[in-house]
Amino acid sequence: MGETTVTTAEEGREEAVPHPVTVETRPALLSRLRTPRRPRLWFEILLIAVSYWTYSLIRNAVPEQKGQALSNADWLWRLEQDLGLAVEESVNHAVNSVTWLIVGMNYYYATLHFVVTLGVLVWLFRSHPGRYAATRMVLFATTGVALVGYYLYPLAPPRLMNGQSFIDTVMVHHTWGSMASGDLKNMSNQYAAMPSMHIGWSVWSGLTIFALASIPWVRVLGLLYPVATLIVIVATANHFWLDAVGGLMCLAFGYAVARVWYGTLPYSLPRLVPARSPGRSLLSGKV
C-alpha cells in the first residue's frame, strides 16, 4: 500500500489570520470609557437637548391614571397626618396671603428649575471639565430613575386633591408658574408628582456648587438653594414634602451609579484633563 501524504503550506510561509479582540483589549476599552475626558461642546448641547426632549416625552406619555393618582394622594396625606407632619396646607395658605411672595414663588417654580441646573452644567463644562461627565451622569441617572417612579406611582399634587382646601396659586394669581396649571396644563402630565425633580435637580445643583465653588458665600448659596426650592414646591401646592424624599432617593441612586462607574465620587476626580488626542485608538488606547 502507498503511504498517505499530508499536504502542508509552503515552508516558511505564514498564513494571515485575523486576530480577534482579546481579553486584554476589553479592559483597555472599559478603562478608557471610565477615564474623564474633555467634553465636546456640540455633543453636550445635542445630548442635553435630546435627553430633555426624551424625558419630557416619556414623562408625559405615562398614563395619567387620575383615579389612582388621587387615591395615592389621599393615602400620602393621611400618612403625613398620622406622622404629625402634614404641614403643606398651612404653608400654602400662609404664603398665599402675601401676594408678592407667592407670585415670586410661582415664577421661581417655573424658571429656576431649568436655569440653575443648566447654569451649573455650563459652569462645570468651563471650569471643571474633568468632573463634568461624572457629575452629568449623576443628573441623568437621577432623572432616568424618576421616570420609573412616575409610571409606578402616579400621584396628584396637593392643589388637585378632592375635598381639601389647597390653593392653586397659579390659578388664583394668574401667573405663569407651573406647566401643570392654567393654559399649559395639557402640555404636562399633572399626575407625575412623585418623585420631585425640582428637589432632585436642586440638591444636585446645590451639592455641586458647595463641593466645587471656591467662594464661601457662593457655597452657602448652593446649600440654601434646595432649601428654598423645598419651601416653594410646598407653598405653591405642587408637591408634598414626601415627594422631596422621593427626589432625594433618586439622587442617591444617581450618585451610586456614578460612583460605581468612575470608582469615586465625581467631585474627587481631577478638575482638569488633557486635551483629546485625535489619533488615539478606541481599542488599544494607543496613538
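Visitor: Which helices each supply at least two residues of the lining of the largest cavity?

Guide: They are α5 (99-127), α8 (197-212) and α9. Helices here are DSSP runs of H or I with at least four residues, numbered from the N terminus, and strands are runs of E with at least two. The model is predicted, so local features need pLDDT of at least 70 and side-chain atom pairs pLDDT 80 or more, while totals for chains, interfaces and linings use all residues. Residues are numbered from 1 along each chain as its sequence is written, and side-chain values use heavy atoms, without hydrogens or water.

The lining of the largest cavity consists of Tyr-108, Leu-112, His-113, His-198, Ser-202, Tyr-225 and Thr-229. Helix α5 gives the most, with three residues. The volume of this cavity is about 40 Å³, and the count comes to one cavity of 30 Å³ or more. (A cavity is a set of points on a 1 Å grid over the protein atoms alone where a 1.4 Å probe fits but cannot get out; lining residues have an atom within 4 Å of a point. Points are joined across faces, edges and corners, and the volume is the space filled by probe spheres set on them.)

Helix α9, one of the lining helices, spans residues 216-235 and holds Leu-221. Leu-221 counts as partly exposed because its relative accessibility is 47% (buried is under 20%, exposed over 50%, partly exposed in between, with a 1.4 Å probe and protein chains only). Leu-221 belongs to a nonpolar surface patch with Ile-215, Trp-217, Val-220 and Leu-224, and together the five have about 510 Å² of accessible area.

Of its 287 residues, 41% are buried. Among contacts with a separation of 6 or more, 83% are between residues 24 or more positions apart (contact means heavy atoms within 4.5 Å). His-93 and Ile-167 are 74 residues apart in sequence, yet their C-alpha atoms are 7.1 Å apart. Neighbours within four places aside, His-93 is in contact with Ser-165, Phe-166 and Ile-167. At 34% relative accessibility, His-93 is partly exposed.

Note on methods: Patch = residues over 30% accessible without salt bridge, like charges linked within 9 Å, V, L, I, M, F, W, Y side chains within 5 Å. Areas by Shrake-Rupley, 256 points an atom, 1.4 Å probe, with all protein chains shown as cover. Salt bridge = Lys/Arg side-chain N within 4 Å of Asp/Glu carboxyl O. 1 Å grid on protein atoms, 1.4 Å probe; cavity = no way out; pocket = protein on both sides within 12 Å on 5 of 7 lines; lining within 4 Å.
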